[in-house]
Amino acid sequence: MILLKLFMEFFKIGVFAVGGGMATIPFLQELGQRTGWFDDHLITDMIAISESTPGPMGINMATYVGFNQAGIIGGTVATLGIVVPAVIIVIFVSKSLEKFSSNKQVEYMFYGLRPAVTGLIAVAGFDVFRLAVIRLGGVAPTLASIPWGRLAYFVLIFFLIRKYKKHPIVYIACSAIVGIAAAPLLM
């Protein structure tokens with residue numbers, strides 16, 4: 001029964017999470033709250049892991065959650081659940097792309113999807129910022145409760161990325177080292 005539930009839950013995410021990995025975050029948050037399989041802090045940890053390992057975040061999260069719920073078979077089933085919708089959609093689109101490429105309704109549909117996907121990603125980005133930098137969950141922050149070291153480090157990395165435009169792995173590796181060395185200061 002758990003295998004079917006894993007497949008169906010991640011299948012739904014795979015169908016509706018248009019826009020890639022970051023667009024899956026709101027769906028994953030809702031799934032975690034509804035099923036109790038994971039919490040918001042695990043999502044931020046998975047984002048960090050997924051951004052520093054190969055593979056899309058949604059697939060990594062599905063594999064992780066499935067494995068925790070039902071072992072290797074659960075990880076495989078959850079991963080298939082999130083991947084199968086994309087495979088079906090790609091097959092459908094590739095078969096009918098030429099037929100629909102000049103269709104105004106399809107063009108308008110994609111025009112309407114862009115702001116919705118942007119909104120999903122923006123909300124996900126805000127939630128990740130709130131959980132990873134501020135780390136307060138649903139609690140309203142006060143000046144005394146904000147981890148200023150972590151916030152300062154976020155601002156520093158943000159400006160370094162904008163100014164120097166190095167490969168993301170440079171910032172990930174440096175941040176891992178800083179996290180190990182300066183964890184007490186950033187908490």
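# Helices, bridges and rings

Student: Which side chain meets E9 in a salt bridge, at 3.5 Å from N to O?
Tutor: Ground rules: this is a predicted model, where local features need pLDDT of at least 70, side-chain atom pairs count only at pLDDT 80 or more, and totals for chains, interfaces and linings use all residues. Residues are numbered from 1 along each chain as its sequence is written, and side-chain values use heavy atoms, leaving out hydrogens and water. A salt bridge puts a side-chain nitrogen of Lys or Arg within 4 Å of a carboxyl oxygen of Asp or Glu. At 3.5 Å, N to O, the partner of E9 is K12.

Student: Is E9 buried or exposed?
Tutor: Buried means under 20% relative accessible area, exposed over 50%, and partly exposed in between (1.4 Å probe, protein chains only). K12 has 40%, so K12 is partly exposed. E9 has a relative accessible area of 9%, so E9 is buried.

Student: How far along helix α2 do R34 and E30 sit from each other?
Tutor: Helices are DSSP runs (H or I, at least four residues; strands are E, at least two), numbered from the N terminus. An α-helix has 3.6 residues a turn, so residues three or four places apart point the same way. R34 and E30 form a salt bridge, with their closest N and O atoms 2.7 Å apart. They are 4 residues apart in α2, so their separation is about one helical turn.

Student: Which residues join E9 and K12 in one salt-bridge network?
Tutor: Over in helix α5, E107 and K104 are 3 residues apart, about one turn of the helix. Salt bridges that share partners make one network, and there E9 and K12 are joined by E30 and R34.

Student: Which helices do the buried residues of α5 pack against?
Tutor: The buried ones include V117, A124 and L131. Contact means heavy atoms within 4.5 Å; for instance, P26 in helix α2 is in contact with L120 and A124, leaving aside neighbours within four places in sequence. The helices that the buried residues of α5 pack against are α2 (25-35), α3 (40-52) and α6 (148-164).

Student: What kind of aromatic pair do F129 and F154 make?
Tutor: Rings of Phe, Tyr and Trp (its six-membered ring) pair if their centres lie within 6.5 Å; planes under 30 degrees apart are stacked, over 60 edge-to-face, and the rest tilted. A search of the whole structure finds 4 such pairs. With centres 4.9 Å apart and planes at 65°, F129 and F154 are edge-to-face.

Student: Where is K165 found?
Tutor: Most residues other than glycine have a negative phi. Phi of K165 is positive, near 50°. K165 counts as exposed because its relative accessibility is 61%. Its place is the loop between α6 and α7 (168-186).
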